[in-house]
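Hi everyone, thanks for coming. I'd like to walk you through one structure today, so please have a look at it first.

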Amino acid sequence: MIVHPIPPLYNSESKILILGSFPSVKSRETEFFYGHRQNRFWKVTSAVFEEELPDTIEEKRAFLLKSGIALWDVIKSCEITGSSDSSIKNVAVNDIMPIIKDTGISKIFVNGKKAYALYKKYILPQTGIEAVCLPSTSPANAGYSLDKLIEEWKCIRD
């Protein structure tokens with residue numbers, strides 16, 4: 001069983017919440033979200049908000065907070081092989097209600113189908129907020145070009 005090592009990122013100005021499934025091996029090593037260079041999360045979100053691509057963890061943190069984005073994952077702990085969402089089992093989920101209560105968040109987006117399925121099953125009954133499922137920024141989602149991902153993710157700005 002692996003426990004999620006990264007705390008949620010948000011502040012009182014957060015307007016939207018983006019939830020992934022569970023941190024990759026690289027993200028667990030760097031102790032920050034979307035740490036694998038091949039994951040397109042930072043390229044997509046910075047393009048959507050027309051900002052420079054953040055490089056350091058501090059730049060990424062500042063970009064998210066400036067953009068009104070809260071970031072966390074659905075899964076608190078699980079069994080996982082490597083970084084593969086398809087291998088995830090024995091899931092315990094994070095309690096996102098403190099984030100909802102401490103912010104102005106009214107929209108929740110999930111990064112990929114696994115996060116969406118788990119959100120719907122375990123977290124939606126608590127929040128009552130329907131989540132929008134966005135195509136995964138993972139390199140495993142090779143069917144989506146960077147341009148197509150950016151186009152699909154533009155809805156987070158609305």
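I'll start with the sheet and then move on to the aromatic rings.

A quick word on where the values come from: this is a predicted model, local features need pLDDT of at least 70, side-chain atom pairs count only at pLDDT 80 or more, and totals for chains, interfaces and linings use all residues. Residues are numbered from 1 along each chain as its sequence is written, and side-chain values use heavy atoms, with hydrogens and water left out.

Okay, the sheet. Which order do the strands come in? It's an open sheet of four strands, β3-β2-β6-β7, with parallel pairing. When I say helix or strand, I mean DSSP runs, numbered from the N terminus: H or I over at least four residues for helices, E over at least two for strands. And two strands pair if DSSP finds at least two bridges between them. In general, strands of a sheet pair through backbone hydrogen bonds, either parallel or antiparallel.

Which strands stand at the edges? Those are β3 (69–73) and β7 (131–134); each has a single partner strand, so one side of each is left without a neighbour in the sheet. From one strand to the next, the twist averages 25 degrees. Angles here run from 0 to 180 degrees between N-to-C directions, and the axes are lines fitted to C-alpha atoms, for helices over the stretch in contact.

Now follow β6. With β2 (residues 16–20), strand β6 (residues 107–111) pairs in the parallel sense over four bridges. Along that pairing, Ile16 stands opposite Lys107, and Leu17 has Ile108 as its bridge partner. Towards β7, there are four bridges as well, again parallel; there, Phe109 partners Val132. To get from β6 to β7, the chain goes through α5, and this β-α-β crossover is right-handed. That word means that, with the strands pointing away from the viewer, the path from the first strand over the helix to the second runs clockwise.

How many of β6's residues are buried? Four of its five, so to speak mostly covered. Buried means under 20% relative accessible area, exposed means over 50%, and partly exposed is in between, using a 1.4 Å probe and protein chains only.

On to the rings. The whole structure has seven aromatic pairs. Rings of Phe, Tyr and Trp (its six-membered ring) pair if their centres lie within 6.5 Å; planes under 30 degrees apart are stacked, over 60 edge-to-face, and the rest tilted. Phe32 and Trp42 are a stacked pair, at 6.1 Å centre to centre with 15 degrees between the planes. Phe32 sits in the loop between α1 and α2, Trp42 in helix α2, ten residues apart. Phe32 counts as buried because its relative accessibility is 3%, and Trp42 counts as buried because its value is 5%.

Trp42 also pairs with Phe63, edge-to-face this time: 6.5 Å centre to centre, 70 degrees between the planes. Phe63 is in helix α3 (residues 57–66), 21 residues from Trp42. These rings belong to one aromatic cluster, whose members include Phe32, Trp42, Phe63 and Trp153.

What about Glu31, buried or exposed? Glu31 counts as exposed because its relative accessibility is 53%. Its place is in the loop between α1 (25–30) and α2 (41–48).
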